[in-house]
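Here's a quick briefing to read alongside the structure.

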Amino acid sequence: MYGNEKILGRAIKRCNVPREELFITSKVYTPDRGYERTKFAIEDSLKNLQLDYIDLMLIHEPYREGTEMYKALEEAVEEGKIKSIGISNYNKNEYLDLLEHCNVVPAVNQVEAHVFYSRKELQKVLEAHGTVMEAWSPLAAGKNNIFTNKVLVEIGKKYNKTSAQIALKYLLSRNMVIIPKSSNLDRLRQNIDLFDFELNKEDIEKIGTLEKGESLFGWYD
Ligand SMILES: NC(=O)c1ccc[n+]([C@@H]2O[C@H](COP(=O)([O-])OP(=O)(O)OC[C@H]3O[C@@H](n4cnc5c(N)ncnc54)[C@H](OP(=O)(O)O)[C@@H]3O)[C@@H](O)[C@H]2O)c1
């Protein structure tokens, strides 16, 4: 979907990091709708990435053919080609419907989640069935002036952290997996440097007031 598997495959080969220390995610999407096409897409991803296995393979969104696609992913787990199956952009009902038709509970549901839209109700349902919520655009892709937000900046001063770090830490405190994106080395480092402090209950409640309760990207539940 992002056209980056081949270049990533070459980078993995050259980086000299043992395979087990890397966690590689890819996904099947619109052209892969259907059982056979998903089977083919998994082989194609493995070839592009030059890997024997992929750690996590997602279904990009709830397609009509989602159940068949999921079955192909389950078989790939049995064959050792992928370690875990995830879904993406499933709302509560779509997720519960999938559970009725699958054998393996999805490891994650990757959905839009950030300080302005933190999906408490969805997360509760996912966790009740053993699925972790993974936040895409965890920095709201910079929308709503998140990087200069007063609440985040003020809390950041207390811990000597940036507003971005406070926004990400909030999601971690709420037991989410986060995948912030940066093309800048300093900001990449910043986005990993989150594990030497804890937000207290009062901070978490203050950040909770930023909640707007709706998608910033036009996704509807
Ligand atoms: N499953 C889906 O449907 C779906 C949908 C959307 C996104 N995603 C995935 O989610 C991941 C992240 O999403 P995203 O890129 O949309 O949004 P994001 O991670 O919330 O925000 C990225 C933006 O924030 C900036 N940034 C990053 N770290 C920063 C920091 N510490 N301080 C200030 N600015 C910072 C980046 O600029 P610089 O690069 O200049 O640092 C970039 O403009 C991506 O891997 C994307 O593929 C998945």
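Let's start inside a helix: Ser 163, Ala 164, Gln 165, Ile 166, Ala 167, Leu 168, Lys 169, Tyr 170 and Leu 171 of α7 are buried. Keep in mind that this is a predicted model. The protein as a whole has nine helices and six strands.

**Helix α7 and its surroundings**
- Helix α7 covers residues 163-173, and nine of its 11 residues are buried, so call it mostly covered.
- What do the buried residues of α7 pack against? Their partners are β5, α6 (150-159), β6 (177-178), α8 and α9 (201-208).
- Just after α7 comes Asn 175, with a positive phi of about 65 degrees.

- On one side of the pairing list, β4 runs parallel to strand β3 (residues 82-88), and three bridges join them.
- From β4 the chain crosses through helix α5 (residues 120-128) to β5, making a right-handed β-α-β crossover.
- There's a right-handed β-α-β unit at β3 as well, built from β3, helix α4 (residues 92-101) and β4.
- If you're tracing side chains here, remember that in a regular strand they alternate between the two faces of the sheet.

**Around the ligand**
- Which of the 22 residues around the ligand come nearest? They are Trp 136, Leu 139, Ala 164, Lys 181 and Ser 182.
- Helix α8 (residues 185-192) gives the most to the shell, namely three residues.
- By type, the shell splits into nine nonpolar, 11 polar and two charged residues.

**The overall fold**
- The C-alpha trace spans about 50 × 45 × 25 Å along its principal axes.
- Why does 18 Å agree with a compact globule? Because a compact globule of 221 residues would have a radius of gyration near 17 Å, and the protein has 18 Å.
- Of the 221 residues, 33% are buried.
- Among contacts with a separation of 6 or more, 69% come from residues 24 or more positions apart.

Notes
Residues are numbered from 1 along each chain as its sequence is written. This is a predicted model: local features need pLDDT of at least 70, side-chain atom pairs count only at pLDDT 80 or more; totals for chains, interfaces and linings use all residues. A residue is near a molecule or strand if its C-beta atom, placed from the backbone, lies within 6 Å of it. Helices (H or I, at least four residues) and strands (E, at least two) are DSSP runs, numbered from the N terminus. Ala, Val, Leu, Ile, Met, Phe, Trp, Tyr, Cys and Pro count as nonpolar, Asp, Glu, Lys and Arg as charged, and the others, Gly among them, as polar. The radius of gyration is taken over C-alpha atoms; the globule rule is 2.2 Å times the number of residues to the power 0.38. A residue is buried if 20 or more other C-beta atoms lie within 10 Å of its own, exposed if 12 or fewer, and partly exposed in between; C-beta atoms are placed from the backbone. Two residues are in contact if their C-beta atoms, placed from the backbone, lie within 7 Å. Two strands pair if DSSP finds at least two bridges between them. A crossover is right-handed if, with the strands pointing away from the viewer, the path from the first strand over the helix to the second runs clockwise.
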